[in-house]
Amino acid sequence: MRIEITRSGGFGGLTRTWSLEVSRTEAEQRWLPLAEAEAAGAPGDTPGDTPAGTEAGTQAGSSAAAAPRGAGRQRDRFTYRIAIGYTEVHLSESHLGDPWRELIDRARAAAAPDPGKPEELL
């Protein structure tokens with residue numbers, strides 16, 4: 001199953017996209033439950049966060065109006081759109097837990113290096 005991660009924002013406002021293929025089993029057992037939990041507002045849902053229904057789209061196409069969790073509270077930070085099959089979540093950089101960071105690191109490592117560009121820092 002294909003997982004696509006798009007990072008946008010930051011000081012420069014640049015958008016980067018990485019993707020990787022994982023087995024259907026891994027996606028269904030590890031990543032989809034995590035994405036569904038994010039869409040439901042857990043874990044780490046803190047008071048004052050955007051209501052769960054507006055922060056994560058659970059189906060492709062519903063994400064256009066979705067705002068990342070914690071959006072607007074931290075300037076110059078990255079936001080991430082993580083699409084796992086037809087499921088998507090939008091997360092702010094400060095809301096990324098260890099599993100999401102691991103997934104992002106794997107996707108970045110899987111990306112073919114562009115010899116014309118210097119390696120980018122997260």
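Trainee: How many salt bridges does a search of the whole structure find?
Mentor: This is a predicted model. A search across the whole structure gives a salt-bridge total of 7.

Trainee: Which helices does the salt bridge between Glu26 and Arg106 link?
Mentor: The side chains of Glu26 and Arg106 meet at 2.6 Å, N to O.

Trainee: Is Arg30 buried, partly exposed or exposed?
Mentor: Its relative accessibility is 34%. Buried needs under 20%, and exposed needs over 50%. Arg30 therefore counts as partly exposed.

Trainee: And Glu88, buried or exposed?
Mentor: Glu88 meets Arg81 in a salt bridge of 3.2 Å, N to O. The relative accessibility of Glu88 is 7%. The cut-off for buried is under 20%, so Glu88 counts as buried.

Trainee: Which residues are linked with Arg81 and Glu88 in a network of salt bridges?
Mentor: Arg81 and Glu88 form a salt bridge. Their network also takes in two further names.

Trainee: In what order do the 4 strands of the open sheet lie?
Mentor: The pairing is antiparallel. The edge strands are β2 (16-21) and β4 (87-92), and each pairs on one side only. Neighbouring strands are turned by 15° against each other on average, direction ignored. The order is β2-β1-β3-β4.

Trainee: What is the bridge partner of Glu4 in β2?
Mentor: Strand β1 covers residues 2-9. It is joined to β2 by 6 bridges, and the two run antiparallel. For Glu4, the partner in β2 is Ser19.

Trainee: Which residue in the turn of the β3 and β4 hairpin has a positive phi?
Mentor: Strands β3 and β4 run antiparallel, joined by 6 bridges. Ile82 has Val89 as its bridge partner in β4. The hairpin has 2 residues between its strands. The positive phi, about 65°, belongs to Gly85.

Trainee: Why is β4 largely enclosed by the rest of the structure?
Mentor: In a regular strand, side chains alternate between the two faces of the sheet. Here Thr87, Val89 and Leu91 are buried on one side, and Glu88, His90 and Ser92 are buried on the other. Strand β4 is largely enclosed because its buried residues number 6 of the 6.

Trainee: What angle does the direction of helix α3 make with that of β2?
Mentor: Helix α1 (residues 24-39) lies across β1, β3 (78-84) and β4, at about 60° to β4. Helix α3 (residues 98-110) packs on the sheet and touches β1, β2, β3 and β4. With the direction of β2, that of α3 makes about 90°.

Trainee: Which element gives the most to the largest nonpolar core?
Mentor: This core has 21 residues. Ile84 is among those with the most contacts inside it; its neighbours include Ala27, Trp31, Leu32 and Ala35. Elements giving two or more residues are β1, β2, α1, β3, β4 and α3. With 5 residues, the top contributor is α1.

Notes
Residues are numbered from 1 along each chain as its sequence is written. This is a predicted model: local features need pLDDT of at least 70, side-chain atom pairs count only at pLDDT 80 or more; totals for chains, interfaces and linings use all residues. Side-chain values use heavy atoms; hydrogens and water are left out. Two strands pair if DSSP finds at least two bridges between them. Axes are lines fitted to C-alpha atoms, for helices over the stretch in contact, and angles run from 0 to 180 degrees between N-to-C directions. Contact means heavy atoms within 4.5 Å. A salt bridge is a side-chain nitrogen of Lys or Arg within 4 Å of a carboxyl oxygen of Asp or Glu. Buried means under 20% relative accessible area, exposed over 50%, partly exposed in between (1.4 Å probe, protein chains only). A nonpolar core is a set of buried Ala, Val, Leu, Ile, Met, Phe, Trp, Tyr and Cys residues joined through side-chain atoms within 4.5 Å. Lists of a residue's contacts leave out its neighbours within four places in sequence.
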